[in-house]
Amino acid sequence: MKELLILVVVTVFTLVTYYLVEPFAHSQMHKHIESEAFAYADLPAITKTGNVANGKDLVMGAGACAGCHSIEVEGMPASMDATTAAASYGVNPPDLSNAGAVYDAKFLANLIKNPAHALNVEHKFDVNQGQMHPMVAFYGAGGDIDQEVADMVAYLQSIAVKAEDLTPEIAFENACGRCHEVRYENWTQIGTKPTFKHKRDELAFDIQVLDYKDSLKAYMGSLPPDLSMYIRSRGEHYVSTFVENPQNYLPGTAMPRVGVNAHAAEKVVEYLLDAGDTKRHERAEVGRNVMIYIVIFAILALLWKKQVWRDLH
Amino acid sequence: MANFTKATSIKDWLNQRLAIEKVEKVMMSEYWIPKNINFLWAMGMVLVMTFVLLLVSGIFLLMYYQPNVATAFDSVNYTIMREVDFGWLWRHVHGVAASVVFLIIYIHMFTGIYYGSYKKGREMIWISGMLLFVTFSAEAFSGYMLPWGQMSYWAGMVITNLFSGGSLHADFLVEWIRGDYVPAQAFLTRFFMLHVLLLPLAIMGLIGLHFAALRIPHVNNQDGDEIDFDVESKKYLAGDKAGSKVIRFANDFMSKDMMVVGVYLVFFFYLVFYNYGFAMDPVNFDPADGLKTPAHIYPEWYFLWSYEILRPFSVDVGLIAFGFAQVIFIGLPFLDRSPNTVPASRRGLFKYWFWAMLVDMIVLTAMGKLPPEGIFSTIGFVAAIAFILLWIALPIITKFEKKI
């Protein structure tokens, strides 16, 4: 029984040390930020019920969205390639095909009315100082602007994939993929890098990416980091709450609030898990089997010890 | 040449040429171990097992790792983690074992201190053990550089800067160690060599020395009994196994070793599969960037106590205190002036000294990780002073201890 007491003493000192250098130290070094449950509580709610047909007319109008954004599902390709678009706007304006599935409806409505405010980048884009956000606010088509915005949101939701069909790739591309690369998934800011037959084609693609990055760097202030390993270097909680509101972590950062809904945020995390923690399913399975094996080994070792020591006492 | 007869078996054939029976006796069947030792004495075997796990997993990692500043990070995080079958397993085994090995070393060390296993005749066991500890530290540090993440780079920067000797400004020495002005290709390649060749060789040699140092003085025991191994072993061989105070290493004590190893491996693989994060600093999953300093730079947990002895002082005093902390444990057999080789609980003031030292090192460990601000830096300063005072007090309090 003395040995059990010794084991307890050793375990207690080990656990105290572990607690101090892991959970406690990390709680002191990094402030804990709670999820805001993707409520975007600071933004006013949509009060009107949207009309899809009317929304379609408004979105398609060149004065509203389609002047800059492509909508591939509606047969409207981008008017310029990503690199040229980034040279014009700083970053490539997103395709709107799945915006309704990825972004929160309330966020979308506010984004249409006042982009800098919804994106939480008013510290960077101050109209009074002549720093306009590259996305022009929608000033209304002449009717009730709240109704028109609700119509546009309803239309975007109607053309987007259903929630259950939203893949991690779609969510990631829309939410993060125009600024961040993910080398381990072969993702560049202008799309998945194809496999080329000729070196010169590959170089031409790389040059496009480099040009895009130059525009992005000028627009954001610094090049947004590669996210391949972010799930390991930051963790799921950090990634998901950071996406929700980067200002909570990095006050004054040029990174906009992304505005995803809770479901899309989960998909983004899943994408990053697939990039940085690819073998997690295999690990769970192998882990279970190894544990069973080791426990059996420990039991056999215990029985052997008992047998050998029977003669020694 | 010796006389060779026709062998009657493979064992006999080998025995005539290699004396394997004699080796077997010396190493196993007549290697005598006191009976009254508890599971803490199995930590040696646990360390051997962990070292084997490190060696085997390291060999697999070595097949795919690339010691190049441009490709090192990706070779670890992409090639080994994604492309190589079970690369993730080898990496997590290696990472967790590297951390756990220090936990076991510390338990092993404090066991030795508690039971007085470094005293009178056993000094070489202690000294060779401390040399192993120092070599393991260098091995761990050089290995931590290899993934070439942010903490690899910046910890490498901070630790190599120590060699400038504070106001001595021996910058030439730092540059000589790095092979460059900052950690770069030359630095990575030479630490790679140290990690995979020179230091493991030194460790294996020292393990041999550590074992050899046990042969004559024998293993200590938990009651501080003076055992006459010749008399007791004769009793055992005559058949009085229960009455003898000693047992064979194999299979007697080895069966207990294996039982402890079994329990330990349950704990170890639990960590490998379900809590490997503790052994892998998240910051090191950001690629090394010489232009971006991490918010907090700290060493791995097993170096924190000595790091905290460095930190609260001014540069020169800190370096002296740090140097003191690095070498002082080696002097333990000579600083403890007491004639008693018994557990700390039966000794005088040493009983309190032991627990004070243990708690002080845990406090230093905790403060070494926390940012050096406010109350934390005060506690760290007090604990660092306490560490030095405890060592100064040791010869004095043990000198007055009566013989029991």
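Mentor: This is a predicted model. Start with A:C65, which counts as buried because its relative accessibility is 12%, where buried means under 20%.

Trainee: Next, helices. Which residues of α2 in chain A are buried?

Mentor: The general idea first: an α-helix has 3.6 residues a turn, so residues three or four places apart point the same way. In α2 of chain A, residues 52–60, the buried residues are A:G55, A:L58 and A:V59. Viewed down the axis of α2(A), these buried residues fall within an arc of 95°, so they line one face of the helix.

Trainee: What does that buried side pack against, and what is on the face turned away?

Mentor: The buried residues of α2(A) pack against α7 (145–159) of chain A. On the face turned away from the buried side are the exposed residues A:A53 and A:D57.

Trainee: Which residue caps the N-terminal end of α2(A)?

Mentor: A:N51 does, with a side-chain oxygen 3.0 Å from the backbone nitrogen of A:A53.

Trainee: Now single residues. Is A:T188 buried or exposed?

Mentor: Read the accessibility, then the surroundings. A:T188 counts as buried because its relative accessibility is 7%. A:T188 is in strand β1 of chain A, residues 187–188. A polar atom of the A:T188 side chain lies 2.7 Å from the backbone oxygen of A:G191. Leaving out residues up to four places away in sequence, A:T188 touches A:G177, A:E181, A:K193, A:F205 and A:V209.

Trainee: What does A:T17 touch, not counting residues up to four places away in sequence?

Mentor: With those sequence neighbours set aside, A:T17 touches B:I362 and B:T365. A:T17 lies in helix α1 of chain A, residues 2–29. Its relative accessibility is 13%, so A:T17 counts as buried.

Trainee: And where is A:T278 found?

Mentor: A:T278 sits in the loop between α12 (262–276) and α13 (280–309) of chain A. At 30% relative accessibility, A:T278 counts as partly exposed. Leaving aside neighbours within four places in sequence, A:T278 is in contact with A:L273 and B:R82. For distance, A:T278 and A:Q189 are 89 residues apart in sequence and 21 Å apart in space, C-alpha to C-alpha.

Trainee: What is the assignment for chain B?

Mentor: Chain B is divided into domain 1 (33–291) and domain 2 (298–404). Their C-alpha centres lie 22 Å apart. The contact between them takes 35 residues from domain 1 of chain B and 34 residues from domain 2 of chain B.

Trainee: Which domain features does UniProt place on chain B?

Mentor: Set each record beside the model. An unreviewed UniProt entry places "domain: Cytochrome b/b6 N-terminal region profile" at residues 10–223 of chain B. Over residues 10–223, chain B is 72% helix and 1% strand, and the end C-alpha atoms are 43 Å apart. The unreviewed entry also gives "domain: Cytochrome b/b6 C-terminal region profile" for residues 239–404 of chain B. Over residues 239–404, chain B is 58% helix and 2% strand, with the end C-alpha atoms 33 Å apart.

Trainee: Where does UniProt place the feature "transmembrane region" in chain B?

Mentor: The spans in the unreviewed UniProt entry include residues 37–65 and 352–368 of chain B. Residues 37–65 of chain B are 69% helix and 0% strand, with end C-alpha atoms 42 Å apart. Residues 352–368 of chain B are 100% helix and 0% strand, and their end C-alpha atoms lie 24 Å apart.

Definitions and conventions. Residues are numbered from 1 along each chain as its sequence is written. Chains are lettered from A and ligands numbered from 1 in the order in which they are written. This is a predicted model: local features need pLDDT of at least 70, side-chain atom pairs count only at pLDDT 80 or more; totals for chains, interfaces and linings use all residues. Side-chain values use heavy atoms; hydrogens and water are left out. Helices (H or I, at least four residues) and strands (E, at least two) are DSSP runs, numbered from the N terminus. Buried means under 20% relative accessible area, exposed over 50%, partly exposed in between (1.4 Å probe, protein chains only). Contact means heavy atoms within 4.5 Å. UniProt positions are given in the numbering used here, feature names are shortened, and annotations may be inferred rather than shown by experiment. The arc is that of the directions from the helix axis to the C-beta atoms. A polar contact is a pair of N or O atoms within 3.5 Å; within protein, one must be able to donate a hydrogen and the other to accept it, and residues adjacent in sequence count only if both atoms are side-chain atoms. Domain bounds come from an automatic or database domain assignment.
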